[in-house]
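Open the model in your viewer and switch to a cartoon view. The stops below follow one another as selections.

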Amino acid sequence: MFVGALELDLLLDDVHSVKQKRSVVRPVVAELRKRFAVSVAEAGHLDLHRRALIGVAAVAPDGEHIRDVLDACERFAAGRPEVELLSARRRLLGPDD
């Protein structure tokens, strides 16, 4: 069994309140969950209205599948016009870890 985690640090365009932030972040989180069958949550920068840290996690029987899914999630977030992907960090845990 392999477990993969991805942290997406996002800068939100034209957001001036936490309420506006939610209206941008929620659809991104929902679409990641729906499209890639992963667990997703806003996991950081909760008090900042122009930044968001989204955590993505996935479990699979092989590491290659996890890498493919996390790559696709990163590409999806980077392609959203309303956000700028500042950084993406990933971790992969396997049976030997």
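A residue counts as buried when its relative accessible area is under 20%. This is a predicted model. Select Phe76 to begin: with a relative accessible area of 10%, Phe76 is buried.

Next, look for ring pairs. The whole structure holds 1 aromatic pair. Its members are Phe36 and Phe76, with ring centres 6.1 Å apart and planes at 70 degrees, so the pair is edge-to-face. Colour helix α1 (residues 18-36), which contains Phe36, and helix α2 (residues 63-78), which contains Phe76; the pair therefore ties together parts 40 residues apart in sequence.

Now select the strands. There are 4 of them in an open sheet, ordered β2-β3-β1-β4 with antiparallel pairing. At the edges stand β2 (39-44) and β4 (83-93); each has a single partner strand, so one side of each lacks a neighbour in the sheet. On average, neighbouring strands are turned by 20 degrees against each other, direction ignored.

Keep β1 and strand β3 (residues 51-60) on display: 10 bridges join them in the antiparallel sense. One place to check is Leu8, whose bridge partner in β3 is Ile54. Bring back α1, which packs on the sheet and touches β1, β2, β3 and β4. The direction of α1 makes about 10 degrees with that of β3.

The last stop is Asp9, in strand β1 (residues 2-12). Is Asp9 buried or exposed? Asp9 has a relative accessible area of 11%, so it is buried. Show side chains here: that of Asp9 makes a polar contact with that of His45, at 3.3 Å. Other residues that Asp9 touches include Arg51, Leu53, Glu84 and Ser87.

Conventions
Residues numbered from 1 in each chain as written. Predicted model: local features only at pLDDT ≥ 70, side-chain atom pairs only at ≥ 80, totals over all residues. Heavy atoms only, no water. Helix = DSSP H or I, 4+ residues; strand = E, 2+ residues; numbered from the N terminus. Buried < 20%, exposed > 50% of the residue type's maximum accessible area, 1.4 Å probe, protein only. Polar contact = N/O pair within 3.5 Å; in protein donor to acceptor, adjacent residues only side chain to side chain. Contact = heavy atoms within 4.5 Å. Phe/Tyr/Trp six-rings, centres within 6.5 Å; stacked < 30°, edge-to-face > 60°. Pairing = 2+ DSSP bridges. Axes fitted to C-alpha atoms, helices over the stretch in contact; angles between N-to-C directions. Lists of a residue's contacts leave out its neighbours within four places in sequence.
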